[in-house]
Amino acid sequence: MRLPLRPEALLAPVLAAAVLSVAAVPSCADSDSRSLHCAPASSDQLLLPRDGDHGHGAHGHHAAPLLELNETEVTMYHDPTPPSYFWLDIKEPPPDEKRYPGLMGLHALCMSLAFFGALPTGIALRSVKHAWHGVTVILFYTFVVLGLSASALYRKLTPDMSVLFGAPPQPPYEGSKHGPQGYFFLACAVALSALDVFSQILRLVTYIRSIRSGEDRFSFKTLWHYVILDRDQHLSGAEAEYTNLVVEEPDELEDAELKAKDLDDEPLHVRHARVVEPIRTTDLDMPQQDEHDETAQWANDVHRHRRTVSYPQSAASERTLFGVHSLHRSDDSLHETGHVYPWQGKDARGVLRVIGRAAFAVCERILVFAGFVQVTSGIIVYTGGCRGNYINGCLAHLIKGGIFWCYGLVTFARFLGSFSELGWAWNRAPRHHGKYPTAEFVESLVIFLYGISNTWMERFGAQPGDPYTTKQIQHISIAVMFWFAGLVGMGIESKRIRRWLAAGSTAAVPETARSQEAVAEPPSYIASFNPFPALCIGITGAAMSAHFQTYLFQVQIHMIWGYLLSGFAVMRCLTYFFLWLGPPRSILPSRPPTEALASFLLACGGLEFMFSTEELTIAAMRQGHDDVMMFLNAGVAITCLAFCWTLLIVAFKGWLKSHSQVNMKFHGSV
């Protein structure tokens with residue numbers, strides 16, 4: 001006989017187990033309040049405090065950002081803001097004391113003219129061995145001396161802040177590195193200039209020796225061109241002897257024309273698959289087989305050797321930096337060697353010369369970015385920022401944002417045509433196309449170095465044994481993404497790894513069907529389509545736009561630069577999309593408009609990144625300047641100014657190069 005099933009009989013064991021489990025749970029007062037077994041009294045207590053959020057741990061994971069500044073909470077984690085030069089000079093100058101902000105403005109103006117005016121102009125003039133390069137060097141040091149004098153006079157006339165406020169005697173900005181860092185950069189500039197002077201002395205010694213040995217005859221023109229300008233184009237010896245034997249050269253040697261194949265009658269897909277030779281010129285070094293006799297032809301070769309403008313040599317040239325050599329170039333310099341890289345085919349001494357020239361050029365250009373570093377640190381010192389507990393967050397925002405800012409300016413320079421000789425201006429390299437490292441490889445390398453360094457820097461300020469906070473895990477994970485995504489990007493750009501990846505398709509071809517003919521590459525192999533650098537920056541922007549912040553204004557600023565970085569990624573992917581449809585076929589910069597937008601979004605995003613420091617946003621809220629539009633418009637205006645400066649420098653260098661070589665004619669490709 002079956003007993004009837006009653007629901008109460010099933011619920012009794014469950015209720016008994018629940019009562020026993022509640023009795024076994026310790027009270028919240030006797031245990032850790034963060035324990036999962038602790039039952040809070042209200043639903044608000046279910047939201048545990050977030051750890052590591054800029055020191056403000058009282059806000060929960062889903063707590064709404066505050067609309068107004070809470071000064072009490074700020075002073076709990078940060079010391080009161082000490083006085084600064086900017087505050088005493090401009091905001092609230094003492095009534096009974098004379099201040100001199102004009103001297104500080106003169107210091108900033110002169111140093112800016114030195115590093116952003118004279119220095120890049122001199123680099124452009126050096127690239128073509130222009131006679132006015134020395135003038136820019138003099139201007140550079142003139143501006144530096146004026147700027148340092150204005151700074152010294154300002155410090156002399158400005159009383160110590162400890163005297164004004166009765167504090168213990170200490171520097172106005174204790175621990176400032178702006179001065180020592182600036183003197184280090186100036187020492188580097190002086191070292192490069194000294195190397196220039198040393199190279200001129202070696203060229204002078206070489207020239208005097210050639211005169212004494214009878215190889216050359218003295219002339220002021222040769223002295224000016226060779227010793228002063230470092231141009232190896234002067235008449236000497238046999239050249240002067242056979243000058244009158246030089247016959248007129250054909251017209252095709254004077255006017256080289258850009259020629260392309262006629263594609264009007266071909267369909268579009270055939271056009272894209274075809275690799276067009278962008279330039280066809282008559283070989284200047286091939287002997288002319290016509291009615292000229294051997295003597296006249298030999299004289300033409302001598303004349304051509306004299307007229308050939310050599311590639312610019314820096315102060316670290318192989319003649320001046322590592323020893324004194326003959327004034328004459330070898331015959332090999334007149335012919336194409338076939339070597340892709342300058343160190344190929346050279347001995348150990350020649351490799352050192354190449355390294356010396358490259359190091360000189362890199363150091364000279366780094367000084368321009370060093371000027372940007374000095375501008376940033378100078379603003380910090382003058383306004384009294386990044387002190388106390390703000391230092392780590394301040395450095396993180398300024399360094400990372402500054403990298404994105406400089407990266408955006410370099411990307412805009414690529415759009416304008418810089419690095420086109422390497423094929424980095426969305427074009428085909430004029431020589432050895434496909435042999436140089438791609439721009440995407442360099443970007444992946446920089447991203448890799450950025451990630452591998454930031455992975456360990458996120459724990460700065462933490463004590464040994466401290467647990468990893470939420471903020472640290474957020475930032476470390478982004479750094480790890482940069483680390484390994486950079487490795488993937490470099491691997492994709494490796495030609496050897498690409499061959500390995502293509503081995504699956506080639507191995508599938510039956511041996512009987514194989515031939516000695518090369519396998520045709522698809523048109524997309526002409527350019528590089530590597531999305532990983534853009535992917536890293538885009539994901540970083542998307543993640544940081546959702547970064548938790550204490551105040552709503554801070555959230556909005558982070559959203560701005562997060563969206564800007566994500567916009568860069570979108571524009572870069574659109575560039576790849578359009579270039580995938582039509583790979584570059586000309587050596588001229590293609591200047592895709594999506595790259596102009598991408599560079600602007602990247603640079604402006606980096607600048608807004610720098611603006612989003614906790615101290616700056618809190619100061620803006622205190623002064624009633626917590627306006628998102630103001631911050632965005634200021635960043636856009638500064639970015640436009642920097643782009644205008646970049647355009648002037650790149651255009652000026654291009655103008656110089658166009659006047660130092662034979663003009664070439666262009667024609668439409670369609």
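1. The largest share of the lining of the largest cavity, four residues, comes from α15. A cavity here is a set of points on a 1 Å grid over the protein atoms alone where a 1.4 Å probe fits but cannot get out, and lining residues have an atom within 4 Å of a point. Helices (H or I, at least four residues) and strands (E, at least two) are DSSP runs, numbered from the N terminus.

2. The model is predicted: local features need pLDDT of at least 70 and side-chain atom pairs count only at pLDDT 80 or more, while totals for chains, interfaces and linings use all residues. Residues are numbered from 1 along each chain as its sequence is written, and side-chain values use heavy atoms, with hydrogens and water left out.

3. The protein has 21 helices and two strands. Of its 670 residues, 37% are buried, where buried means under 20% relative accessible area (1.4 Å probe, protein chains only). Of the contacts between residues at least 6 apart in sequence, 77% join residues at least 24 apart; contact means heavy atoms within 4.5 Å.

4. Five cavities of 30 Å³ or more are present. The largest cavity has a volume of about 200 Å³, a volume being the space filled by probe spheres set on the points, with grid points joined across faces, edges and corners. Its lining comprises 18 residues, and Lys400, His475, Ile478, Met544 and Phe609 lie nearest its centre. Two or more lining residues come from each of α13, α14 (439-457), α15 (470-493), α17 (532-544) and α18. By class the lining has eight nonpolar, eight polar and two charged residues. For this count, Ala, Val, Leu, Ile, Met, Phe, Trp, Tyr, Cys and Pro are nonpolar, Asp, Glu, Lys and Arg are charged, and the others, Gly among them, are polar.

5. The largest nonpolar core has 29 residues, of which Leu398, Trp405, Phe553 and Phe631 touch the most other members. Such a core is a set of buried Ala, Val, Leu, Ile, Met, Phe, Trp, Tyr and Cys residues joined through side-chain atoms within 4.5 Å. At least two of its residues come from each of α12 (348-383), α13 (391-416), α18 (552-581), α19 (593-611), α20 (614-622) and α21 (628-658). The most, eight residues, come from α13. Apart from this core lies another, of 19 residues, including Tyr450, Ala534, Met571 and Phe609.

6. Helix α7 (residues 178-212) has 35 residues and reaches 51 Å from its first C-alpha to its last, close to the 51 Å expected at 1.5 Å a residue; the expected span is 1.5 Å times one less than the number of residues. Its buried residues include Phe185, Leu192, Asp196 and Arg203. Among the elements covering the buried residues of α7 are α4 (101-127), α5 (133-157), α8 (220-228) and α12. Just after α7, Gly214 takes a positive phi of about 85°.

7. Ser377 lies in helix α12 and is buried, with a relative accessible area of 15%. Neighbours within four places in sequence aside, Ser377 is in contact with His178 and Gln181.

8. Glu493 is in helix α15 and counts as buried at 6% relative accessibility. Glu493 touches Thr438, Glu440, Phe441, Arg498, Ser528 and Asn530, not counting residues up to four places away in sequence. Glu493 and Thr438 are 55 residues apart in sequence but 7.3 Å apart in space, C-alpha to C-alpha.

Definitions and conventions: Buried means under 20% relative accessible area, exposed over 50%, partly exposed in between (1.4 Å probe, protein chains only). On a 1 Å grid over the protein atoms alone, a cavity is a set of points where a 1.4 Å probe fits but cannot get out, and a pocket is an open set with protein on both sides within 12 Å along at least five of seven lines; lining residues have an atom within 4 Å of a point.
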